[in-house]
Structure formats: C-alpha cells, structure tokens
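Thanks for coming, everyone. Let me put the model up, and then I'll walk through it.

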Amino acid sequence: MTDANYLIVGAEESPYSVKVRSYFRYKNIPHTWSTRAQSGDVFAQHAKLPLIPLVVSPDNHGIQDSTPIIERMEASVPDPSIHPSDPVCRFVSILLEEFGDEWGNKWMFHLRWAREIDQIGCARRIARMVSPNSDEEQLARASQSIRERMVGRVWFVGSNATTAPHIEESFQDSLVLLDRHLESRRFLFGERPSFADFGLWGQIYNANRDHTPAKWISATRNIPMWLDSMLNPVSRGPFEDWSTLRETLVPLLATQVGPTFLNWSDANSRAIRDGQDEFSVELRIGTWTQRPQKYHAKSLSVLREKYRAFSDNEELRDLLSATNCLQYLSDT
C-alpha cells in the first residue's frame, strides 16, 4: 500500500468485499486489494471483528462492514453520487441495498454449500487463496476441512431442510424479475450504478462463481451483462425517474422485499427482543423456521431510522404500503 492508497483487505469469495472494491473502482479511489493471507499483520492491527472487508485509510484508520464503509466514503467522495435525487428512487435504492446484503446473502451462502459440486469447487478456491503455495495434497486436505466447516454453518443464514427450497425459489424468482428490469437499462436505476446495485451485485456475482447458481444465471439474458458491468462500473448517463422504473421494480418489492425479506427481518427482530432460541414466520414462499440472527435485528433498526427521513413523502408511503413493505418499516 502506498501512502496515497486505501487498503481493502478482502476476498473474491466474499460478496461484501467485492461490493466495496466495485465501489472504490467506480469512484476512482486509489486502493490496493489484498487478502488476509497477504496482510495478516495489518488485519490484526485494525480489525475489531474477524470479518472482511477491512478498509484501512491512508492515515491508518480501519473501517469494517461494507455498508458503513461505502456510506463513509460517499460522504468524502460524493461525486458521482450513488444516490438518485428523486426521493422515492433514493429510498427504494437504500431498501434494495439492504435486501441484497441481508436476504441475497441467504441465496449465495445456501447455494454455495448445499450441493457437493458447489462445495468442492468453492472450498478449493478458498484453500488456494489462504495457502497459495500449497501442493496438491495440502490443498486437498485444506479443502476438505473448509468444506466440512462451512457446510456445518449454513444454519447461520437460516438454511435448513425446511427453508432450502424456499431460498432457491426466492433466488430464481428474483433472477426473473431482475432480468426483466434490466432489459432496458444498464443498472438498476438507470445508466449509472446506485447503492442498490452494489449490494445486490456482490451477492449475485459470488453466486455466479458456483456451478449451480451460475447455470441459472446463464439462462437469463441481461444479468450476465450487468454482472460484468459492475466489476468496473462506469457512469453512462443519468438516473431515471421513478415513473420509468415502477413497472419492473414494483414486482420485486411486492414479492421478494416486502412479504418475504422485510417480513422475515421483522420476525427475526421480534425473536431477538423476546429472547427466543428459534422462530417461525409465514412468508409468501412458505413457513420459515430458524435461529434468530442478532446482526439483522440491528440492521433492520438502522433501515427504519433511514426511512424516517423519507416518511413524509406521500408517494413513497403509498408505494411501500402497496408492496407490503410499510408495515415492517415502522418500529412501533
């Protein structure tokens, strides 16, 4: 890392890491990309949690968590903005970024470790990243260890025998809706990337690195082009107004975001509040049962706080009410 560069400690297999890297590339912020294996001492010095990405600033301050990283950088480097000026578009973008981070991660993580072919492929990539100089025997042992450990952790995103088909149905349905939406635009809100693009892209880009979801993605017409564009995103024009986005984004909000993701997130938050060890909730895609996740209760609280700044907008309230989102954005 040079004195003028930020350092991003991440991994290609981490959707949150590539999300941050894509943002830095879009903003032309000088940075160096590194793994924990390459920057272990720096990571130990700055990381408060054993999680990537970690961004270290040129003045030697560490930042973690992809959304706060981008929000802090956006305050420092506001142009070109990732936030549409139209308040309806701006909040929907914020909402879809959260949807990508929290619900999209269930797609990616479940699919990565649900089937043998995907388990083997990803475990080998991680093993090679962690120990790039390993011989074939060492790589095989490390891959098997990683595979066993990660398959045992799918419960963390709510993946289990009951929820697995619901996760896969949600992913495939979302691909159809996103593909239709991207038919007439390069990015989710027009001709330049938005906050929403970075959040959703990181998860789908990583899913596309695994055999099974990659087959589903390759069957779409527009998503592969969007995935490629977001690797090194460039502004090609303005954001659109909500009037031109509504037709193809409302179905995503009305099926995947409101009655699925926000419904789950609200139930998870209530389970945390009530000290439950497990909770069940009826989603549009079926009955969902899992252990509650503390981080997501905090994340929902932050999203609700963000909504308060837009809550006087009648057009937005009507949209969120019609798509079964509004009831979950109230913290009362």
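I'll take the open sheet, then the aromatic rings, then the hairpin.

First, the ground rules. This is a predicted model, so local features need pLDDT of at least 70 and side-chain atom pairs count only at pLDDT 80 or more, while totals for chains, interfaces and linings use all residues. Residues are numbered from 1 along each chain as its sequence is written, and side-chain values use heavy atoms, with hydrogens and water left out.

Now the sheet. Helices (H or I, at least four residues) and strands (E, at least two) are DSSP runs, numbered from the N terminus. Two strands pair if DSSP finds at least two bridges between them. Here, 4 strands make an open sheet, ordered 2-1-3-4, with mixed pairing. Strand 2 (31-34) and strand 4 (62-64) are the edges, each pairing on one side only. From one strand to the next, the twist averages 20 degrees. Strand 1 (residues 6-9) runs parallel to strand 2, joined by 4 bridges. Ile8 stands opposite Trp33 in strand 2.

Next, what lies across the sheet. Contact means heavy atoms within 4.5 Å. Axes are lines fitted to C-alpha atoms, for helices over the stretch in contact, and angles run from 0 to 180 degrees between N-to-C directions. Helix 1 (residues 15-26) lies across strands 1, 2 and 3, at about 160 degrees to strand 2. Helix 3 (residues 66-76) lies across strands 1, 3 and 4, at about 125 degrees to strand 4.

On to the rings. Rings of Phe, Tyr and Trp (its six-membered ring) pair if their centres lie within 6.5 Å; planes under 30 degrees apart are stacked, over 60 edge-to-face, the rest tilted. The whole structure has 14 aromatic pairs. One of them is Phe91 with Phe310: tilted, 5.5 Å centre to centre, 50 degrees between the planes. What does that pair tie together? Phe91 is in helix 4 and Phe310 in the loop between helix 12 and helix 13, so the pair links parts 219 residues apart in sequence.

Phe91 is buried at 0%. Phe310 counts as buried at 13%.

Last, the hairpin. Strand 5 and strand 6 form it, with 2 residues between them. They run antiparallel, joined by 5 bridges. Glu282 stands opposite Thr287 in strand 6.

Note on methods
Buried < 20%, exposed > 50% of the residue type's maximum accessible area, 1.4 Å probe, protein only.
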